[in-house]
Amino acid sequence: MKTGRALRLFDDTGLDAGVRRSLYVAILAITLGQVCFTITGGPALTGFIRQLGGGDFAVSLLSAVPVIGSLVQMPASFLVERFRSRRGCMLAFGVVQRAVWLGVALVPYVVPGQIAYARVWATLSFVALSGCAAAFVNVSFFSLMGDLVPMRLRGRYFATRSSIATCTGVAAGLLSGLLLDWLPGYAGYTVVFTLCAVFGVADICCFFFVPWPPMQVQEKREGFAEMLGQVLRNKPYMRLVLFAVMWYFPVRMSGPFFSVYMLGTLRMTYLQISILSTTCASVSTVLTIGAWGRLMDRYGVRPVIVFCMAVACGLPLSWNWTRPGSLWLIPITEAVSGAVWATIDMGFQNLYLFQSPQKNRTMYVAVYAVFTQLIGNAVAFVLGGALVERVMPRVESWGSLFGMTMTRYNGIFLLSMFARVLVLVLFLRLLQDEGSSSVAAMLRGVAQDTAQGVSRRVRAFRVLRARRRAVAAAKRGGTLP
């Protein structure tokens, strides 16, 4: 029987056939699901809320509502651990989470527009329902991946998975941008959100074909408070959670307004956003994520994400020099963003998955999600929206600052930048990864590897050139070696 495989996306040597198949199915699933994530995480939803009549605060609520659903994650993890039913939870709630977007697509046609903000609140309700269902999906999925992915592959496997998903995201971003620009009114949003639901459900359906490994059998049934207490008493893990919360807070505070800034202040079309922003970031992710994954496997997660976070601190500044008609900084900024943000997210995912024990892992995942999403995301989104509407308009009276035309959005971008730097300077000691190298050691290693690689190529070029000269001289002399 032929056992060779035509396609090998990662080093699967020595893996059980069932585990190998499951890991490849997980890659297929994210390839389909990324269409859904690209649409819901891009400018389409922001533009939809704007067209329904929502303002800046509604946009910030739109970002905050799904992560408020993360409060469900701790009871969800308790139910999964108590009834040992992570497969059933993920499949059932996963279908609900993705199918809800069909309801969003129909809001303009079903909800009467005469009632003020009725369509906005209907959309927010659907998004909240999707976020609550996602709580069961997330604790089940990450518990599964923690059991499936071997420690030696964690960097390379998740890097490969992220690269393939990003390629799908590029295509989805371009297609959704074209549809939104070509189809007027609500028609474009209806088509785009329907595609979101279809591909999202297809993602979940892939896991019907995964042989789920059994969860660890508990010697005794633990109560919710006991399970939660074990996590909260795990000081190294809670330090990781605390640092993640503090890092993501200033990032998410400005997050919802980059799309608003591009659509409004910069007057960009959806296709321009898809090409200059989404595509550039996605291509950069594909080109760099594999190298970051290899560095994580070699030097550890900490030095890689610390370096990327230091780079990410300066990214909001470039948006303040971007003006209508002068958009050349956007692809550069997004290329750097694509290289560092996917790596930061992947690094935190590796840390919380592999610093959590197998026992009650779903509760560990839930605690991380609740703290980071509720405080680091939801509270940050709402605070950012309030600042943009109430405080940042005063920034516009400044006119310009160091060549930057100041708007309320430029103000929140600058505040986010300074807060990121403050977090890195004051709280970096909380981020620990046992056995990892320092940032300096990693940079020295990369520099040495680069120098050796360049040296090998120079030597190879010189040898090749010498051989060509020898052959040319032999031809002129009438003899060949």
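1. Buried means under 20% relative accessible area, exposed over 50%, and partly exposed in between, using a 1.4 Å probe and protein chains only. By that cut-off tryptophan 319 is buried, because its relative accessible area is 5%.

2. A word on the ground rules: this is a predicted model, where local features need pLDDT of at least 70 and side-chain atom pairs count only at pLDDT 80 or more, while totals for chains, interfaces and linings use all residues. Residues are numbered from 1 along each chain as its sequence is written, and side-chain values use heavy atoms, with hydrogens and water left out.

3. Now the overall picture. The protein chain has 18 helices and two strands; helices (H or I, at least four residues) and strands (E, at least two) are DSSP runs, numbered from the N terminus. Its radius of gyration is 25 Å, close to the 23 Å that the globule rule gives for 481 residues, so the chain is as compact as a globular protein of that length. That radius is taken over C-alpha atoms, and the rule is 2.2 Å times the number of residues to the power 0.38. Of the 481 residues, 52% count as buried.

4. A search of the whole structure finds 20 aromatic pairs. One of them joins phenylalanine 258 and tryptophan 319, and this pair is tilted, with 5.3 Å centre to centre and 50 degrees between the planes. The pair links distant parts of the chain, with phenylalanine 258 in helix α11 and tryptophan 319 in helix α14 (residues 315-319), 61 residues apart. For reference, rings of Phe, Tyr and Trp (its six-membered ring) pair if their centres lie within 6.5 Å; planes under 30 degrees apart count as stacked, over 60 as edge-to-face and the rest as tilted. Phenylalanine 258 is buried too, at a relative accessible area of 16%.

5. Which residues does methionine 262 touch, leaving aside those up to four places away in sequence? They are Arg267, Met268, Ile273, Ser277 and Trp319, where contact means heavy atoms within 4.5 Å. Methionine 262 lies in helix α11 (residues 257-263) and is buried, with a relative accessible area of 4%. Methionine 262 and threonine 322 are 60 residues apart in sequence, yet 9.7 Å apart in space, C-alpha to C-alpha.

6. One more spot to look at: ring pairs link Phe48, Trp101, Tyr186, Tyr189, Phe193 and Tyr270 into a cluster.
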